[in-house]
Structure formats: structure tokens, C-alpha cells
Amino acid sequence: MNQKFHPEQIKQLLNRSLAMLDQPTLTRLRNARTQSLARYDAHSAAPAFAWASLWAEHRHATDSHRKSHYLAAAVLLVALLFSGAAYWHHTADRDVSDVDIAILTDELPIEMYVD
Amino acid sequence: MIRIRFSVLAICITLLLQPGLAVAAPYKSWTQLTPVQQEALQPLATQWDTLPTKLQKNLLHAAKRYPKLTPEQKQRFQNRLEKWSKLTPEQRKRAREKFSAFSKVPPERREQVKQMVRQQEAAASGVPPAAPAMSDK
């Protein structure tokens, strides 16, 4: 029982045993192998399809989110520009009015400043 | 999505133009002014509604400070309003520039000019030079 076999010897033994099997047994073995391989292919292919599907959904969602982000950034930028423009208008008007009232109330006559 | 983008863009452009539109739009008629504003701008009562909107706006800004002026300054303000309103926008702009430039002149030099003007007005009106100029109409 403790006899050690070389791999090549094992292969030869198996081949000899295989040759001794009858045809119905060989057929059942072949069918079993085919079914097993078919199940293995289906099992290993499924995750690939699942990942492809998930990747497509993720990409679609990412594109959609990216567009939303761009839109939000554009609206924010325009809002900032509007606030800046409004503030600038207000400040400019106030500055002009400050100078106007200074001219209209100054000790020096208005003719001093008018061409 | 494109329709939404156009809508947002249209709203944004409208908002950006709003300060400009506010200047172009009619401001306030004389009857819409507050009693304080009417008191400050009394010399322009008859012509107020015909004044350019931008000038109306500037004068209303100025009128906000009217209650805090001294009686002498109030007198000057009202005496000069009509003349000021009859200037062209370019003349008013030039006057503001000159006033700003004169404000940067050293105080001693400004006082010299004021003293000179007081003397001229005194000579013209017969009032002693120490009295401040009340009217320049």
C-alpha cells in the first residue's frame, strides 16, 4: 500500500482502466462531463454579464449626475455674477449720490465744477 | 434636458439684466414720493415726472440724507437742485470728476480757494466776507 507511483505510471494505469470500461459507462461519464462543463460555463459567465450590466448603469448614472453638477455649478456661477452685478450697481449709485449731495451742499458754488 | 437648460439660461440672463432694466424702467412719480422726499426735492415738484429716470434715482438717493443736513446745507441743496437737474449727464459727470479732484487738494489750498470765493461773493452782494455763501443761484 505504501508503494510510490510516478505520475506517469498513474496516467498509464488510468488509461488502462479507462480502456477496460464498457461503452455504456463511458457514455454516461461523457454525458456527466459535458453537463458539468456546461454548468461551469454558465456559472462563470453570469458574473461577467452582471458586472457589465452594473457598469452600464453606473456609467449612465454618473453621466446624469455629472450633467446635474454642471448645471448646478452654472446656476451658482450666474447667481454669483448677478449678486456681484447688483452689488456693483448699488455701490456705484450710492457713490454717485454721495458726490452729488456733496456738490449740492458744498460751500463752494456749483459753478466751480460746471464747465 | 435641452429645454430645461434653455429655461435656466433665459432666467439667468434676465436676472443679469435686471439692474440695467431697473435703470431703464420708470422710477417714481412725484405723487409716489414720501413727504420727506417731496420736502427735499420741492424745487423740482413741477418737473419731477419729466426728469430722466437715472437722475431721479440719484436725487432720491441724495434726498435720503436731506433730513440730516444743517439748515444751511438744506438751503444750498434746494437752491442748486434746479440748476443741477438742467445740466446734461455729461456736465454732471464732469462736475463730479472736478469735485473729486478738488477733494484731493491739500486742505490749506482748499481753504484759500473758499476764502477767495467768499470774498468775491461778499463783494458782489455787499455782505461782509465772514458770512458764508448761502445762495449761488
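Reply: The contact is made by 27 residues of chain A and 31 residues of chain B; two residues are in contact if their C-beta atoms, placed from the backbone, lie within 7 Å. On the side of chain B that touches chain A, at least two residues each come from helices H1 (2–24), H3 (53–63), H4 (71–86), H5 (89–103) and H6 (107–125). Helices (H or I, at least four residues) are DSSP runs numbered from the N terminus. That side of chain B has 16 nonpolar, five polar and 10 charged residues. Here Ala, Val, Leu, Ile, Met, Phe, Trp, Tyr, Cys and Pro count as nonpolar, Asp, Glu, Lys and Arg as charged, and the others, Gly among them, as polar.

This is a predicted model, in which local features need pLDDT of at least 70 and side-chain atom pairs count only at pLDDT 80 or more, while totals for chains, interfaces and linings use all residues. Residues are numbered from 1 along each chain as its sequence is written, and chains are lettered from A and ligands numbered from 1 in the order in which they are written.

The largest nonpolar core has 15 residues. Such a core is a set of buried Ala, Val, Leu, Ile, Met, Phe, Trp, Tyr and Cys residues joined through C-beta atoms within 7 Å; buried means 20 or more other C-beta atoms within 10 Å of a residue's own, exposed 12 or fewer, and partly exposed in between. Those with the most contacts inside this core are A:Ile103, A:Leu104, B:Leu41, B:Leu59, B:Ala62 and B:Ala63. Two or more residues each come from helix H2 (23–105) of chain A and from H3 and H4 of chain B. H2(A) gives the most, with four residues.

A:Leu104, leaving aside neighbours within four places in sequence, is in contact with B:Ala62, B:Arg76, B:Phe77, B:Arg80, B:Leu81 and B:Trp84.

In H3(B), the buried residues are B:Gln56, B:Asn58, B:Leu59, B:Ala62 and B:Ala63. They lie on the same side of H3(B) because they cover an arc of only 165° around the axis, taken from the directions from the helix axis to the C-beta atoms.

A:Val114 lies in the segment after H2 of chain A. A:Val114 counts as partly exposed because it has 15 C-beta neighbours inside 10 Å. Beyond neighbours within four places in sequence, A:Val114 is in contact with B:Leu87, B:Gln91 and B:Ala95.

As for confidence, the predictor gives the complex an ipTM of 0.71 and a pTM of 0.56. Chain B averages a pLDDT (the predictor's confidence in each residue, from 0 to 100) of 82. Within chain B, H1(B) is lowest, at a mean of 57.
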